[in-house]
Structure formats: structure tokens, C-alpha cells
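Have a look at the sequence and the model first, and then we'll go through the details together.

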Amino acid sequence: MIFLLEQILLINLMLAVFNLMPIPPLDGSRVVMGLLPSRWATAYSQLEGYGMLIVILLLSLGIFENSIVPLVLFLAYFLGVR
């Protein structure tokens with residue numbers, strides 16, 4: 001039972017970290033757009049049409065595994081999961 005809860009927590013952490021990536025269709029891009037000056041935010045928001053292509057490209061190149069997994073494992077360790 002504990003193993004199942006740990007796995008569910010890891011999956012939720014991975015989804016949260018992935019969703020906060022600053023790529024335009026994801027929620028992290030909304031945070032970045034809020035911090036940018038309006039002219040830059042407008043230019044940054046125009047990437048939204050290519051966002052899923054960028055996500056697929058980064059997934060296929062393995063960049064997410066090198067950036068998301070270590071952060072998720074750190075957060076899991078910090079929460080006492082592993």
C-alpha cells in the first residue's frame with residue numbers, strides 16, 4: 001500500500017514539475033508572461049502555436065529526462081518519499 005502511494009506521489013510531482021515548465025502551452029509560461037514587460041510577453045505568447053511541437057521535440061531529445069527527473073527525485077527526497 002505504501003509503495004502505491006509513493007508511486008502516485010511521484011507521478012503527481014512529475015506532472016506538476018512538467019506543467020510548470022516555461023513552454024507556452026503550459027502553466028509555467030503564464031508565470032513567465034506575467035513577469036515579462038508587455039512587449040516581450042506579447043512576442044513570447046506568439047510561441048504558443050508551436051508549443052506542442054517544442055514539447056514533443058524536447059521529449060524526443062531526452063531533455064526533459066535530464067531536467068525534470070532530477071528535480072522530481074529531489075522533491076520526493078525532500079518530502080520523505082525516497
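In which helix is the place of Leu 79? Leu 79 sits in helix H5. A quick word on what you're looking at: this is a predicted model, where local features need pLDDT of at least 70 and side-chain atom pairs count only at pLDDT 80 or more, while totals for chains, interfaces and linings use all residues. Residues are numbered from 1 along each chain as its sequence is written, and side-chain values use heavy atoms, with hydrogens and water left out. As for the helix names, helices (H or I, at least four residues) are DSSP runs numbered from the N terminus.

**The nonpolar patch**

Together with Leu 9, Leu 71, Phe 74 and Phe 78, Leu 79 makes a nonpolar surface patch of about 520 Å². To join such a patch, a residue needs over 30% relative accessible area and no salt bridge, and nonpolar side chains (Val, Leu, Ile, Met, Phe, Trp, Tyr) are joined within 5 Å. The areas come from the Shrake-Rupley method with a 1.4 Å probe. Helix H5 (residues 63–79) gives the most to this patch, with four residues.

Phe 78 is also found in helix H5. How far is the C-alpha atom of Phe 78 from that of Gly 28? The two are separated by 22 Å, and they are 50 residues apart along the chain.

**Who is exposed?**

Here are a few residues side by side. Buried means under 20% relative accessible area, exposed means over 50%, and partly exposed is in between.

| Residue | Relative accessibility | Class |
|---|---|---|
| Phe 78 | 65% | exposed |
| Leu 79 | 51% | exposed |
| Leu 57 | 48% | partly exposed |
| Gln 7 | 26% | partly exposed |

Leu 57 lies in helix H4. Gln 7 belongs to helix H1 (residues 2–19). Gln 7 and Val 81 are 74 residues apart in sequence, yet their C-alpha atoms are 9.1 Å apart in space.

**How the helices pack**

Two packed helices are described by the angle between their axes and the distance between the axes. The axes are lines fitted to C-alpha atoms, for helices over the stretch in contact, and angles run from 0 to 180 degrees between N-to-C directions.

H4 and H5 pack at about 85°, with axes 5 Å apart. That makes H4 roughly perpendicular to H5, a label for angles of 65 to 115 degrees. Val 55, Leu 58, Leu 59 and Leu 61 of H4 make the contact with Ile 63, Phe 64 and Glu 65 of H5, where contact means heavy atoms within 4.5 Å.

H2 and H3 pack at an angle of about 155°, and their axes are 8 Å apart. H2 is therefore roughly antiparallel to H3, the label for angles over 145 degrees. Here Ser 29, Val 32 and Met 33 in H2 meet Ala 41, Tyr 44 and Ser 45 in H3.

**The salt bridge**

How many salt bridges does the structure hold? It holds one, a salt bridge being a side-chain nitrogen of Lys or Arg within 4 Å of a carboxyl oxygen of Asp or Glu. Glu 48 pairs with Arg 30, and their closest N and O atoms are 3.3 Å apart. The pair links distant parts of the chain, 18 residues apart: Arg 30 is in helix H2 (residues 27–35), and Glu 48 is in the loop between helix H3 (38–45) and helix H4 (51–61). Glu 48 is partly exposed at 35% relative accessible area, and Arg 30 is partly exposed at 43%.

Note on methods:
Helix = DSSP H or I, 4+ residues; strand = E, 2+ residues; numbered from the N terminus. Buried < 20%, exposed > 50% of the residue type's maximum accessible area, 1.4 Å probe, protein only. Patch = residues over 30% accessible without salt bridge, like charges linked within 9 Å, V, L, I, M, F, W, Y side chains within 5 Å. Parallel < 35°, antiparallel > 145°, perpendicular 65-115°, else oblique.
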